[in-house]
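Please read them with the coordinates open.

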Amino acid sequence: MNIDAKLGKRQMEVAEYIAFGYSIKETADKLNMPVNTVKSTLKAVYAKLGIQKATELSTWVFCKRFDIPLS
C-alpha cells in the first residue's frame, strides 16, 4: 500500500463513498457521475494506492481522514 499517495479531489470523493460502503451505482448517483466514470476513477485510485480490495481502501481512507498512522 502506498501510504503517501496523493489523490485528486474527485478521486478522494469516490474513494470515500466506496470506503464507507456505498456501491458504485450509489456513488455515481451521489456524485452525479456516470457509473463508468466512477469505475475508471476507482481503478485509478486502486492503482495509485497499490491496493486491490475495498477493505484496503477503507483502511487507507479512515487513516487519512483521522490522521492515524497506517503502521
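The points below cover basis, core, helix contacts, salt bridges and surface.

1. **Basis.** This is a predicted model; local features need pLDDT of at least 70, side-chain atom pairs count only at pLDDT 80 or more, and totals for chains, interfaces and linings use all residues. Residues are numbered from 1 along each chain as its sequence is written, and side-chain values use heavy atoms, with hydrogens and water left out.

2. **Core.** The largest nonpolar core has 18 residues. Val14, Val45, Tyr46, Leu49 and Leu57 have the most contacts inside it. At least two residues of this core come from each of H1, helix H2 (24-31), helix H3 (35-49) and helix H4 (54-65). H3 gives the most, with five residues. A nonpolar core here is a set of buried Ala, Val, Leu, Ile, Met, Phe, Trp, Tyr and Cys residues joined through side-chain atoms within 4.5 Å. Buried means under 20% relative accessible area, exposed over 50%, and partly exposed in between, with a 1.4 Å probe and protein chains only. Helices are DSSP runs (H or I, at least four residues), numbered from the N terminus. In soluble globular proteins, nonpolar side chains tend to be buried together.

3. **Tyr46.** What does Tyr46 touch, not counting residues up to four places away in sequence? The list is Ile18, Ile51, Gln52, Lys53, Ala54 and Leu57. Contact means heavy atoms within 4.5 Å.

4. **Gln11.** This residue sits in helix H1. Is Gln11 buried or exposed? Gln11 is buried, at 16% relative accessible area. Its side chain makes a polar contact with the side chain of Lys48 (2.9 Å). A polar contact is a pair of N or O atoms within 3.5 Å; within protein, one must be able to donate a hydrogen and the other to accept it, and residues adjacent in sequence count only if both atoms are side-chain atoms. Leaving aside neighbours within four places in sequence, Gln11 also contacts Thr41, Ala44 and Val45.

5. **Glu16 and Arg65.** Glu16 lies in helix H1 (residues 9-19). Arg65 forms a salt bridge with Glu16, the closest N and O atoms being 3.3 Å apart. Arg65 is in helix H4 and Glu16 in helix H1, so the pair ties together parts that are 49 residues apart in sequence. A salt bridge is a side-chain nitrogen of Lys or Arg within 4 Å of a carboxyl oxygen of Asp or Glu. Arg65 is partly exposed, at 45% relative accessible area. Beyond four places in sequence, Glu16 touches Val61 and Arg65.

6. **Salt-bridge network.** How many salt bridges does a search of the whole structure find? It finds four. Salt bridges that share partners join Lys9, Arg10 and Glu13 into one network. Glu13 pairs with Lys9 at 3.9 Å between the closest N and O atoms. Arg10 pairs with Glu13 at 2.8 Å. Lys9 and Glu13 are four residues apart in helix H1, so about one helical turn separates them. Lys9 is exposed, at 69% relative accessible area. Glu13 is partly exposed at 21%, and Arg10 is partly exposed at 37%.

7. **Surface patch.** Phe62, Phe66 and Ile68 form a nonpolar patch on the surface, with about 290 Å² of accessible area together. Such patches use residues with over 30% relative accessible area and no salt bridge, nonpolar side chains (Val, Leu, Ile, Met, Phe, Trp, Tyr) being joined within 5 Å. Areas come from the Shrake-Rupley method with a 1.4 Å probe; for residues, only the protein chains shown count as cover. Ile68 lies in the segment after H4 and is partly exposed, at 38% relative accessibility.

Key:
Patches are made of residues with over 30% relative accessible area and no salt bridge: like charges are joined within 9 Å, nonpolar side chains (Val, Leu, Ile, Met, Phe, Trp, Tyr) within 5 Å.
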